[in-house]
Amino acid sequence: MDRARQGDEEAFGALVREVGDRCIFIAHRILRDADLAQDAVQVALVQAWRELPTLRDLDRFEAWLHRILVNACYAEARRSRRFAGNVTELEVDEPALRAVLSVHDRDQLDRGFRRLPADQRAVLVFHYGLGLTMPEVADHLGIPLGTAKSRLSYATGAIRAALEADARTPILDREQLA
């Protein structure tokens, strides 16, 4: 860490290799687009490289980097407020999850997740995706604990409402589609 702060590119590269996969995971879950996620991670890492000498508490590197990453994701989401018509198969992190959830269930969850603002998605990703406690989520996002809790509450309520709305929507039978 000290060598990276002093401008050693190899030392910073080692840090990036250590946290890079987690950063991609976070950005992809927030932005729901692999290309946008890679762009956000790249922007965050460049900013982290530039601002690393200003980091006071070296033990907080990962939380500090996550905060930079989430802000880069928010900026990327604002820039790309467009509907992406392409269909992308998302990788499921755990094989057991794939067995439990049907394609329909995953599709419903994904649609509900896409309807959320980026700040609410970020709280869900850090809490459920990374398994952080709410105080840790608040710390990583640089927001008050109460704000993190309210965003989690709004996000889970919005996803629940979206799932219930989808369940109430009648499905057209095959004869109507033909």
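**Cysteines, core and rings**

Cys73 counts as buried because its relative accessibility is 0%; buried means under 20% relative accessible area, exposed over 50%, and partly exposed in between, with a 1.4 Å probe and protein chains only. This is a predicted model, in which local features need pLDDT of at least 70, side-chain atom pairs count only at pLDDT 80 or more, and totals for chains, interfaces and linings use all residues. Residues are numbered from 1 along each chain as its sequence is written, and side-chain values use heavy atoms, with hydrogens and water left out.

A disulfide is a pair of cysteine sulfur atoms within 2.5 Å, and by this rule the count is zero. Cys23 is in no disulfide, since the nearest cysteine sulfur, that of Cys73, is 9.1 Å away. From the side of Cys73, the closest cysteine sulfur is that of Cys23, and 9.1 Å is too far for a bond. Cys23 is buried, with a relative accessible area of 2%.

Leaving aside neighbours within four places in sequence, Leu69 is in contact (heavy atoms within 4.5 Å) with Cys23, Ile26, Ala27, Ala40, Val41 and Ala44.

In soluble globular proteins, nonpolar side chains tend to be buried together. A nonpolar core is here a set of buried Ala, Val, Leu, Ile, Met, Phe, Trp, Tyr and Cys residues joined through side-chain atoms within 4.5 Å. The largest such core has 49 residues, and those touching the most other members are Ile26, Ile30, Phe61, Leu69, Phe126, Val137 and Leu141. At least two residues of this core come from each of helices H2 (9–31), H3, H4 (61–79), H7 (118–129), H8 (134–141) and H9 (145–168). Helices (H or I, at least four residues) are DSSP runs, numbered from the N terminus.

Rings of Phe, Tyr and Trp (its six-membered ring) pair if their centres lie within 6.5 Å; planes under 30 degrees apart count as stacked, over 60 as edge-to-face and the rest as tilted. Two aromatic pairs are counted by this rule. One of them joins Phe61 and Trp64, which are tilted, at 6.0 Å centre to centre and 40° between the planes. Both residues lie in helix H4, three residues apart, about one turn of the helix. Phe61 is buried at 6% relative accessibility, and Trp64 is buried at 14%.

Is Gln42 buried or exposed? Gln42, found in helix H3 (residues 34–51), counts as exposed because its relative accessibility is 53%. Gln42 and Ala72 are 30 residues apart in sequence, with their C-alpha atoms 9.1 Å apart in space.
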